[in-house]
Amino acid sequence: MAGKRVWVAGHRGMVGSALVERLAAEDCTVLTVPRAEVDLRRQAEVEAWMAEARPDAVFLVAATVGGILANDTRPAEFLYDNLAIEANVIHGAWTTGVEKLLALGSACIYPKHAPQPMTEEALLTGPLEPTNQWYAVAKIAGIKLCEAYRRQYGCDFISAQPINLYGPRDNFDLTSSHVIPALIAKAHHAKVTGQPSLEIWGSGTPRREFLYVDDLADALVFLMGVYSGPVQINIGTGEELTIRELAEAVARVVDFTGTLAFDTSKPDGTPRKLLDCSRLHGMGWQASTSLDEGLRRAYAWYLETEVASS
Ligand code: GFB
């Protein structure tokens with residue numbers, strides 16, 4: 001990326017802001033554009049801006065995202081927004097001669113009952129998890145767009161699929177957040193208000209793997225530099241735990257000493273989600289932030305920003 005103009009599409013989000021920070025260490029010019037100026041769901045706005053800004057490389061990390069409940073209750077937004085963003089940016093990258101593009105997906109692209117850990121070959125081998133099928137279909141379309149533009153026009157467009165992400169600037173709104181920010185916010189609230197128990201959605205038995213967002217940013221810069229191919233690349237840590245174990249880890253970090261209460265009227269989602277990252281490891285990249293360290297940093301950010309401003 002040395003000397004290149006690099007556009008981070010989605011720079012205000014958790015991933016985009018970590019990526020902008022990570023790119024400060026590279027010898028490149030980082031381009032960003034506020035949503036008020038370019039709504040990525042509007043093709044004409046995207047194409048006009050790209051034709052003017054002329055990025056050499058694009059990190060497509062903009063997306064409408066959310067936790068299990070948001071995915072399940074806002075299917076039209078998760079499908080339409082993400083399809084439109086991907087179609088507009090990827091097509092615009094072709095028409096404006098972008099040299100390299102990396103589109104970010106999600107581990108929920110893989111079938112609900114894919115063999116674990118999930119390899120890249122599991123794509124489109126079975127039915128999706130119903131709670132997030134809308135988001136998954138849009139993200140699969142993003143992978144296929146990269147593959148199609150590579151095949152038909154020779155574009156060097158790649159895609160990467162991270163496991164569940166967390167970290168500073170996460171969404172802590174309980175109705176739309178993922179599990180880690182939700183548990184941090186709930187455990188903190190329970191601690192300061194002296195509540196005896198912490199409410200956990202579902203049975204606590206689903207198994208998940210989590211990746212700290214700065215590690216993801218580092219992996220994306222790495223892949224942009226070394227990888228060129230049609231296969232979507234998995235990004236994870238290789239470590240998994242149950243939601244109960246995660247809740248216990250969050251409680252330790254937040255110093256909440258009460259009990260856990262499981263609300264089984266809420267969905268569990270997919271029973272297990274663990275990525276096989278052999279391809280990425282084989283290229284020479286590994287995650288470096290432990291879950292405990294990542295949780296401490298995420299909680300510190302929550303205290304400094306969300307709690308301090310309320
Ligand atoms: O993180 P999460 O919302 O998403 O939920 P998914 C993970 C697990 O944590 C589920 C449980 O089993 C939830 O029932 N959980 C326990 C909670 N307490 C809570 C809570 O207070 N809030 C939330 N949100 N969960 C997402 C997809 O699936 O994975 C997205 O919906 C995306 O599309 C993302 O792909 C990576 O792991 O189930």
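Let's start with strand β3 (residues 57-60): A57 and F59 point one way, V58 and L60 point the other way, and all are buried. Buried here means under 20% relative accessible area, with exposed set at over 50% and partly exposed in between (1.4 Å probe, protein chains only). In a regular strand, side chains alternate between the two faces of the sheet. Keep in mind that this is a predicted model, where local features need pLDDT of at least 70, side-chain atom pairs count only at pLDDT 80 or more, and totals for chains, interfaces and linings use all residues. Residues are numbered from 1 along each chain as its sequence is written, and side-chain values use heavy atoms, leaving out hydrogens and water.

- Helices (H or I, at least four residues) and strands (E, at least two) are DSSP runs, numbered from the N terminus.
- Two strands count as paired if DSSP finds at least two bridges between them.
- Strand β1 (residues 5-9) pairs with β3 in the parallel sense over four bridges, and A9 sits opposite L60.
- Strand β4 (residues 100-104) also pairs with β3 in the parallel sense over four bridges, with A103 as the bridge partner of L60.

**A three-stranded sheet**

- There's an open sheet of three strands in the order β11-β8-β13, and its pairing is mixed.
- β11 (241-242) and β13 (272-273) stand at the edges with a single partner strand each, so one side of each has no neighbour in the sheet.
- Strand β8 (residues 207-208) and β13 run parallel, joined by two bridges.
- Look for R208 and you'll find its bridge partner in β13, K273.

**Around the ligand**

- The ligand is surrounded by 22 residues, and the closest are I68, K186, R208, P267 and D268; to count as near, a residue needs a heavy atom within 4 Å.
- Polar contacts are pairs of N or O atoms within 3.5 Å; within protein, one must be able to donate a hydrogen and the other to accept it, and residues adjacent in sequence count only if both atoms are side-chain atoms.
- Backbone N or O atoms of I68 and P267 each lie by an oxygen atom of the ligand, at 2.8 Å for I68 and 2.6 Å for P267.
- For W201, a backbone N or O atom is 2.9 Å from a nitrogen atom of the ligand.
- On its own the ligand has 700 Å² of accessible area, and the protein covers 97% of that (areas come from the Shrake-Rupley method with a 1.4 Å probe; for residues, only the protein chains shown count as cover).
- α3 (68-73), α6 (179-193) and β7 (197-201) are the elements that give two or more residues to the shell, and α6 gives the largest share, three residues.

**Aromatic pairs**

- Rings of Phe, Tyr and Trp (its six-membered ring) pair if their centres lie within 6.5 Å; planes under 30 degrees apart are stacked, over 60 edge-to-face, and the rest tilted.
- By this rule, there are 10 aromatic pairs.
- One of them is F172 with Y302, a tilted pair at 4.7 Å centre to centre and 35 degrees between the planes.
- F172 is in the loop between β6 (164-166) and α6, while Y302 is in helix α10 (residues 291-309), so to speak a link between distant parts of the chain, 130 residues apart.
- Both F172 and Y302 are buried.
- W94, Y149, Y153 and F157 form one aromatic cluster.
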